[in-house]
Amino acid sequence: MTGLRYVYAVCRPYGTPLQAQLTGVGGDPPRLLSHHGLVAVVSHVPEADFAEEPLRAHLEDLDWLTAVARAHQGVIDALTTVTTPLPLRLGTVFRDDSGVRTMMEAREESFLRTLDRLEGRVEWGVKVYVESDRTPDAPAAPAPKPVSGRDYLRQRRERTKSQDDLWQHAETFATRLHETLSGAAEDSRLHAPQNPTLSGASGRNVLNAAYLVPRVNSEEFVEKVDRTKDGVPGIRVELTGPWAAYSFAGEETAEKEGP
């Protein structure tokens, strides 16, 4: 089959086959390309979509980009069940197999060092949100209708103070949670809060963190998060994973496509 080579990840050789029905970007099944002690997971993609100029144009097409990101993530998820992958950036493309091997040769030392550090480990994501329309002590019923301008201003000040108190409480809660989870993980990363317009999530994001956890300790880590989920009214805790260790894999990786 002709076409460019789309590279999903680099890993060490592994013996467990991927699912037979797994397809990658553009519907082509991923295959393994070996070089020394490394394996690149690749598939064929058409030049009409992935050569430099059309790819640049496609990156402005959100629907196209979302489909590619989901297919890319599907391959990474499948790899994570059988090995420790080092995901490459979304849209990493080479002319042919020789180009992929040249890339692996140039980065071999860095790849092997990172794979050694990540072996047997996964990433868990934890986000904390403030539900902007809720406060810890607020009743479910709507506030009474103000009877005057002064009454309106008083109610508005009370709502603002209540909301500010909730946000401050949420930030304190998030700081303590991060300290607790960092103590249960081998490493952690704090990411910038998500923009709700882009993420589609409700509420204000006050913690967006990733934690590197040995796979064998994942159940204990998840239990620590679950114990916090419903503990504070007006604050929502979300857990995602296990992911390949995107946040701890260096500059080669792309951000994951996930919740």
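Helix 3 covers residues 62–80, where helices (H or I, at least four residues) and strands (E, at least two) are DSSP runs numbered from the N terminus. Its buried residues are Trp64, Val68, Ala69, Ala71, His72, Gln73, Val75, Ile76, Ala78, Leu79 and Thr80, buried being under 20% relative accessible area, exposed over 50% and partly exposed in between, with a 1.4 Å probe and protein chains only. The model is predicted, so local features need pLDDT of at least 70 and side-chain atom pairs pLDDT 80 or more, while totals for chains, interfaces and linings use all residues. Residues are numbered from 1 along each chain as its sequence is written, and side-chain values use heavy atoms, with hydrogens and water left out.

The end C-alpha atoms of helix 3 are 26 Å apart, which agrees with the 27 Å that its 19 residues should span at 1.5 Å a residue; the expected span is 1.5 Å times one less than the number of residues. At the start of this helix, a side-chain oxygen of Asp61 comes to within 3.2 Å of the backbone nitrogen of Asp63.

Most residues other than glycine have a negative phi, and most peptide bonds are trans. His36, however, has a positive phi of about 55°. This residue belongs to the loop between strand 2 (31–35) and strand 3 (38–45), and His36 counts as exposed because its relative accessibility is 54%. The peptide bond from Gly241 to Pro242 is cis, with omega near 0°, and Pro242 is located in strand 9 (residues 235–243).

Conventions:
Polar contact = N/O pair within 3.5 Å; in protein donor to acceptor, adjacent residues only side chain to side chain.
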